Amino acid sequence: AQLAAKVPLAIVTGRPRADAQAFLRRFALDAFFSAVVCLEDAAPKPDPAPVRLACKQLGVTRAWMVGDTPDDVLAAKAAGVLPLGMATPCPEDDTREALTQAGAPLILESLNPLKEMLS
């Protein structure tokens, strides 16, 4: 809610729209996202098309993309968006190295630093 009050937010997922909407409703998150780009809307990541579509729907020309996979980072870079990596919570599934190798300049442990960056 704090981030959505400061900047427009979008979801870019490789999941079908029905799955994405069900998840957002289940956790009462749907009100915070101005755009939701799903499997049906564009080529899959790492193609930049879904990221570009989200930016278009938000009406922005500059953006940050937080992602937890190398494909997220590659799609963001190709779309001209700053990729930020999100570390997975499972220590045995450490994606930090893969995100860094894909080009993420910063790996986040949580979204809390974003609130500070946007202040």
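The model is predicted, so local features are taken only at pLDDT of at least 70 and side-chain atom pairs only at pLDDT 80 or more, while totals for chains, interfaces and linings use all residues. Residues are numbered from 1 along each chain as its sequence is written, and side-chain values use heavy atoms, with hydrogens and water left out.

**The largest pocket**

Begin by selecting L9, A10, I11, F33 and V66, which are the closest to the centre of the largest pocket among the 38 residues that line it. A pocket here is an open set of points on a 1 Å grid over the protein atoms alone, where a 1.4 Å probe fits, with protein on both sides within 12 Å along at least five of seven lines, and lining residues have an atom within 4 Å of a point. Its volume, the space filled by probe spheres set on the points, is about 1,400 Å³.

Next, colour α1 (2–6), β1 (10–12), α2 (17–26), α3 (49–58) and β3 (64–67), each of which supplies at least two residues of that lining; helices (H or I, at least four residues) and strands (E, at least two) are DSSP runs, numbered from the N terminus. By class, the lining has 29 nonpolar, three polar and six charged residues, where Ala, Val, Leu, Ile, Met, Phe, Trp, Tyr, Cys and Pro count as nonpolar, Asp, Glu, Lys and Arg as charged, and the others, Gly among them, as polar.

Select V51 in helix α3, which counts as buried because its relative accessibility is 3%, buried meaning under 20%, exposed over 50% and partly exposed in between (1.4 Å probe, protein chains only).

Then move to A4 in helix α1, which counts as partly exposed because its relative accessibility is 28%. The C-alpha atoms of A4 and L118 are separated by 11 Å, although the two residues are 114 residues apart along the chain.

**Two backbone stops**

Most residues other than glycine have a negative phi, and most peptide bonds are trans. Select A28, in the loop between α2 and β2, where phi is positive, near 55°. Finally, select K45 and P46, which are joined by a cis peptide bond with omega about 20°; P46 is found in the loop between β2 (35–37) and α3.
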